[in-house]
Amino acid sequence: MLEVKDLHVTVEGKEILKGLSLTIQPGEVHAIMGPNGAGKSTLSAVIAGKDGYEVTSGTITFEGKDVLEMDIEERACAGLLLGFQYPVEIPGVKNIYLLKAALNAQRAARGEDEMPAPDFMKLVREKIKFMKMDSSFLQRAVNEGFSGGEKKRNEILQMLLLQPKLAMLDEIDSGLDIDAMKVVADGVNSLRDANRAILMVTHYQRLLDHIVPDVVHVLVDGRIVKTGGKELALELESRGYEWVLEESAA
Amino acid sequence: MASEEMEQLVRREYTQGFVTDIESDTMPPGLDENTIAFISKKKGEPEWMLEWRLKAYHQWLKMTSPSWAHLDYPPIDYQAISYYSAPKKDEDRPQSLDEVDPKLLETYEKLGIPLHERAALAGVAVDAVFDSVSVTTTFKDKLAEAGVIFCSISEAIRDYPELIKQYLGSVVPAADNYFAALNSAVFTDGSFVFVPEGVTCPMELSTYFRINAANTGQFERTLIICEKQAQVSYLEGCTAPQRDENQLHAAVVELVALEDAYIKYSTVQNWYPGDEDGKGGIYNFVTKRGDCRGDRSRISWTQVETGSAITWKYPSCVLRGRDSIGEFYSVAVTNGRQQADTGTKMIHIGEGTRSSIISKGISAGRSNQSYRGLVKIGPRAKGARNFTQCDSLLIGDQCGAHTFPYQEIGNSSATVEHEATTSKIGEDQLFYCQSRGISEEDAVSMIVNGFCKDVFQELPMEFAVEAEALLNVTLEGAVG
């Protein structure tokens, strides 16, 4: 479904990704772990199309399409959705308005009509309940004055509504207490199905107790140096990253 | 000027008659006493009105064009302007929408303006398209029943001379400023509203209904009076881009609110801003002032300014009455080469007076925008309060936003708060919206409309919806 081949990316002249390759199949949950500054967040940002990241070589294809040729919104409409580590505030724009605009933009891209307002409201109410959020969230400005946990729930709420084919979650666990973590994890787990894939970037094993990955990658210095099953994450948790580096150097 | 001199002058004109043929519909360019006498005669005005105009003209001659605004434009040749042209006759107008510039029609379409209104706005001979008479009559009946007077200023001068004598120029005196003096001398059109004591005007009044075929005057004069406990909401302009061959517009608007009266004045201005280089756009030099004359009176200005090449405009409130309230809510958008110097003045005279100012400026393209606001609190204005918030949003890196707040506080018991922010439309905000599948253009409009929300919610419902659409059209192509 997603294929990243020998990807090299520079940011402000500095090479961050140095030949990263990754293949994700439908139904899989991948976790990317690694020390600070390894390029974890860069990967999901490049796939989503954020400005300021220069792809110097390599390819990204999603369902056979060249992702690097697509506009940001085209990528989203194709089913690539990024959940932000630090979602930005948009004053004066109601959350419900953003949700509706996003959903209808994606429907339009698929050639579908706008969702009728009552159907939309019903859908949103159902999802917001699932995320244990108060419905007053919908009337508040996007992310404005939200706590860290509320922002993250909101990101997952968008995922539940937009139903991406590949959900990319950038450090979705940062700043969450245990209860909020549980809710967020339940949200993500509810997205799991045979046709959808999930790519998580995280520092900590803790999240992976709640969202159990099929594949774990270790990203160090712009490359994936080790790939394994869920037990790899546990090993990283107890032994740190040093041994992986030594192993890959050997 | 001594009054004998004035009289002589007036008489001289009358005895010598006019150089210009009174039957003609347009005056040749130029401005002198003859021009003014011609206008006055054409309008069928009484002699006192002519005197009033001539007095203003002589004051204007002694004044110079203001240069303090943050605006850059070539000097205006006042002798090159034609000061009177009669409304176009129906047969000279386009006879149907087929004859109208398709680009204009395209914009109307985008703004969602109903078909029959498009014709009127584009200057199509009204009778050829729809019958406006019935609409007009129904609302005239309704107003008359309530005792509200709503007519053109020229009609008011003829039919209600006492009210005109009492109030015209009482808020904005002829000598107030250069453009007000010019307007006082040569105004040809505008509205008059009088709401008698205790009456709440049964409908929102709009220039749109009154002006035939939306042919706005170059020098408009508007006077609105609310007697004790009276209320009115007045809408000026419309969201559709208006064609106008006159480059210079210098309007004067005067509002008078007596005890417990409330006047809400909303403007949406969308005149031609000029081509990409700013050529041919309208210069809009406006003096708008409200006088809260009575205790507990309230005047509220709400404006959405998107058009004109140059805007020079400071709707103000003179808070004379005890506990009176002045409000100013503004969204100004500039794109291309537009320049706007706009803001407000809140003059606190009475005790316990309050004012709030919310100004949102959006600059895109290579435009330049300034907020200029004065809050003046007089020695008698005990316990006066002002709150000012002005925010600027920049789109791109070739535009400018400037803030010039002035405060003159003559009273230690006053509370004055000022908040100001300038932000660039966030790359991060755009990316966030786009990464949800929303196009860049829609994302910009969403962010900008969010930024303006505080002001839009002050607009009457219908206007607010139109204003949002207008903002989107104005900022089309501003990014990318």
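1. Q163(A) is placed in the loop between α5 (148–162) and β9 of chain A, where helices (H or I, at least four residues) and strands (E, at least two) are DSSP runs numbered from the N terminus. Although Q163(A) is not a glycine, its phi is positive, at about 45 degrees. Its relative accessibility is 37%, so Q163(A) counts as partly exposed; on this scale buried means under 20% relative accessible area, exposed over 50%, and partly exposed in between, with a 1.4 Å probe and protein chains only.

2. The model is a predicted one, in which local features need pLDDT of at least 70 and side-chain atom pairs count only at pLDDT 80 or more, while totals for chains, interfaces and linings use all residues. Residues are numbered from 1 along each chain as its sequence is written, chains are lettered from A and ligands numbered from 1 in the order in which they are written, and side-chain values use heavy atoms, with hydrogens and water left out.

3. K132(A) lies in the loop between α4 (117–130) and β8 (141–142) of chain A, and with a relative accessibility of 58% it counts as exposed.

4. Chain A contains an open sheet of six strands in the order β6-β9-β10-β3-β11-β12, with mixed pairing; two strands are taken to pair if DSSP finds at least two bridges between them. At the edges stand β6 (80–83) and β12 (223–228) of chain A, each with a single partner strand, so one side of each is left without a neighbour in the sheet. Direction ignored, neighbouring strands of this sheet are turned by 20 degrees against each other on average. The pairing of β6(A) with β9 (residues 166–170) of chain A is parallel and runs over four bridges, with A167(A) in β9(A) as the bridge partner of L81(A).

5. Helix α1(A) lies across β3 (29–33), β6, β9, β10 (197–201) and β11 (215–220) of chain A and runs at about 140 degrees to β9(A); axes are lines fitted to C-alpha atoms, for helices over the stretch in contact, and angles run from 0 to 180 degrees between N-to-C directions. K40(A) belongs to this helix, which spans residues 40–48. Which side chain of opposite charge is nearest to K40(A)? It is E171(A), 4.2 Å away, and K40(A) is buried yet has no salt bridge, a salt bridge being a side-chain nitrogen of Lys or Arg within 4 Å of a carboxyl oxygen of Asp or Glu. For charge, Lys and Arg count as positive and Asp and Glu as negative, whereas His and the chain ends are not counted. Beyond four places in sequence, the contacts of K40(A) include I32(A), E171(A), H203(A) and L219(A), contact meaning heavy atoms within 4.5 Å.

6. Strand β1 (residues 2–11) of chain A pairs in the antiparallel sense with β4 (residues 53–62) of chain A over eight bridges, and T10(A) has E54(A) in β4(A) as its bridge partner. Eight bridges also join β1(A) to β2 (residues 14–24) of chain A, again antiparallel, with V9(A) opposite L17(A) in β2(A). These two strands, β1(A) and β2(A), form a hairpin with two residues between them, and E12(A) in the turn has a positive phi of about 50 degrees.

7. Over all chains the structure holds 27 salt bridges. In chain B, R53(B) and E45(B) meet in one of 2.7 Å, N to O; R53(B) is buried at 0% relative accessible area, and E45(B) is buried at 11%. E408(B) forms another with K376(B), the closest N and O atoms being 3.7 Å apart. Since E408(B) lies in β18 (residues 400–409) and K376(B) in β16 (residues 368–377) of chain B, the pair ties together parts that are 32 residues apart in sequence.

8. Some caution is needed over confidence. The mean pLDDT of chain B is 80, and 77% of its residues reach 70 or more, pLDDT being the predictor's confidence in each residue, from 0 to 100. It stays under 50 over residues 5–24 of chain B and over residues 209–216 of chain B. Where pLDDT is low, the predicted coordinates should not be read in detail.
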